[in-house]
Amino acid sequence: MRKNFLPFSRPSITEEDISAVGEVLRSGWITTGPNAAAFERDFSEYVGCPHAVALGSASAGMHLILKALNIGPGDEVITPSMTWVSTVNLIVLAGAVPVFADIHRDTLMVTPETIAPCFSPRTRAVIPVHFAGASADITALKGLADQKGVPLVEDAAHALGTHHGGGHVGATGTSIFSFHPIKNITTGEGGMFCTDDDEMAERIGRLKFHGLGVDAYDRQTQGRSPQAQVLEPGYKYNMTDMAAVLGLRQLHRLNQFNRKRNQLAARYLEWLANMDELLPLAIPENTTQHAWHLFMVRLDTDRAGISRDEFMEGLKARNIGTGLHFRAVHLQKYYRESMGMEKGALPHTEWNSDRICSLPLFPDMTFEDVDSVVEAVKEILSH
Ligand SMILES: *Cc1c(COP(=O)(O)O)cnc(C)c1O
């Protein structure tokens with residue numbers, strides 16, 4: 001058994017990263033400034049998207065998008081229940097109704113077939129999620145959304161480094177990325193809004209900072225009046241330079257991070273091929289480059305004779321951390337009670353919600369760490 005605890009994720013931070021944040025602190029300009037501008041520039045170049053706006057979180061980005069699309073009472077938004085709670089919470093907080101689409105059982109992503117029955121005359125947006133580092137079939141989903149005249153917004157929180165037929169995820173259309181500490185790069189907390197729509201970019205740039213259209217740094221460097229006026233009420237969602245300098249440095253290491261994630265995932269997949277109790281996710285054909293944000297398995301609870309929660313407990317007792325991405329949103333207390341959805345409404349979502357588990361995967365992990373996870377899993381399943 002392992003002597004030390006292996007977390008399921010840990011950010012890769014170097015001494016140079018720490019010094020760079022220290023330099024920003026000593027510079028006299030710690031909020032949105034030159035580092036945020038440089039991070040936006042390099043990010044937009046990396047993704048291949050004309051506009052990138054750095055924010056306090058991906059959730060902040062989603063909030064601004066819902067606002068920019070004027071989504072409110074009487075409106076419906078189609079999104080999976082197999083997702084992080086943030087998008088669904090924001091839809092509800094906007095006064096709109098989330099309409100949950102079921103997912104493909106083995107990719108955990110919505111498909112044209114699962115979203116088709118969710119459209120109504122009230123539908124105002126479709127928000128698919130790119131899951132675990134693979135790409136959703138955006139070409140097909142966008143085709144259907146266009147046909148219905150409804151905007152599509154991509155939750156790309158897991159998809160930094162993910163490529164599909166059209167290049168990097170988020171190169172076209174409107175998307176959000178997250179820099180929470182478990183994501184492929186981190187800024188502590190942070191997110192990036194990306195779009196190829198000039199008007200949308202301008203609106204988000206304004207809404208992120210009180211509706212002023214310029215942030216403090218723009219006002220200073222571009223000589224605009226410090227008395228810049230409110231064009232519409234906005235929020236306070238800008239990214240600090242302390243966070244941005246970290247993001248900039250992490251972005252430059254992203255390809256290296258993802259190469260290691262790929263190698264670790266390959267090692268997991270190799271032994272999984274001989275383990276009937278654990279099913280990996282399927283990799284969709286349209287994913288030409290996988291970012292391996294998460295390494296997820298589904299426990300065949302009948303074959304294993306234990307529940308997923310017992311499986312996770314067993315790993316914890318053997319000094320191995322795991323994650324759960326995600327517990328279906330529609331079965332969480334508030335949504336169960338307010339939407340009255342019964343178990344059975346979204347069969348593939350529910351089947352996975354009871355069986356998924358994320359095993360440790362992060363760039364600084366070693367191949368021996370993978371082997372120690374395998375050992376522990378074998379031991380648990382042999383009992
Ligand atoms: C992490 C995550 C988010 C939210 O990102 P934050 O930066 O924490 O707001 C949104 N959607 C998915 C699928 C995520 O995993």
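In which strand is V126 found? V126 sits in strand β4 (residues 123-126), where strands (E, at least two residues) and helices (H or I, at least four) are DSSP runs, numbered from the N terminus. The model is a predicted one, in which local features need pLDDT of at least 70 and side-chain atom pairs count only at pLDDT 80 or more, while totals for chains, interfaces and linings use all residues. Residues are numbered from 1 along each chain as its sequence is written, and side-chain values use heavy atoms, with hydrogens and water left out.

**Strands**

- V126 is buried, with a relative accessible area of 1%; buried means under 20%, exposed means over 50%, and partly exposed is in between (1.4 Å probe, protein chains only).
- From V126 to L90 there are 36 residues in sequence and 14 Å in space, C-alpha to C-alpha.
- In strand β13 (residues 356-359), I356 and S358 point one way, and C357 and L359 point the other way. All four of these residues are buried.
- Strand β12 (residues 295-299) pairs with β13 in the antiparallel sense, over four bridges; two strands pair if DSSP finds at least two bridges between them.
- Look for F295 to find one of these bridges: its partner in β13 is L359.

**Salt bridges**

- Side chains of opposite charge can pair when their charged atoms come close.
- There are 17 salt bridges in the structure, each being a side-chain nitrogen of Lys or Arg within 4 Å of a carboxyl oxygen of Asp or Glu.
- One of them joins D106 and R298, whose closest N and O atoms are 2.9 Å apart. This pair links distant parts of the chain, 192 residues apart: D106 is in the loop between β3 (97-101) and α5 (112-115), and R298 is in strand β12.
- D106 is partly exposed at 28% relative accessibility, whereas R298 is buried, with a relative accessible area of 1%.
- R303 and D276 also meet through their side chains in a salt bridge, at 3.7 Å from N to O. R303 lies in helix α10 (residues 301-304) and D276 in the loop between α9 (241-272) and β10 (278-280), so this pair ties together parts that are 27 residues apart in sequence.
- The side chain of R303 meets that of D300 in a salt bridge too, at 3.6 Å from N to O.
- R303 is exposed, with a relative accessible area of 53%, while D300 counts as partly exposed at 23%.

**Around the ligand**

- Which residues come nearest to the ligand? Of the 13 residues around the ligand, they are S59, D155, H158, S178 and K183; a residue counts as near if one of its heavy atoms lies within 4 Å.
- A polar side-chain atom of H158 lies 2.7 Å from an oxygen atom of the ligand.
- For K183, an N or O atom in the side chain is 3.2 Å from a ligand oxygen atom.
- A58 takes part through its backbone, with an N or O atom 2.9 Å from an oxygen atom of the ligand.
- On its own, the ligand has 380 Å² of accessible area, and the protein covers 93% of that; the areas come from the Shrake-Rupley method with a 1.4 Å probe.

Key. Polar contact = N/O pair within 3.5 Å; in protein donor to acceptor, adjacent residues only side chain to side chain.
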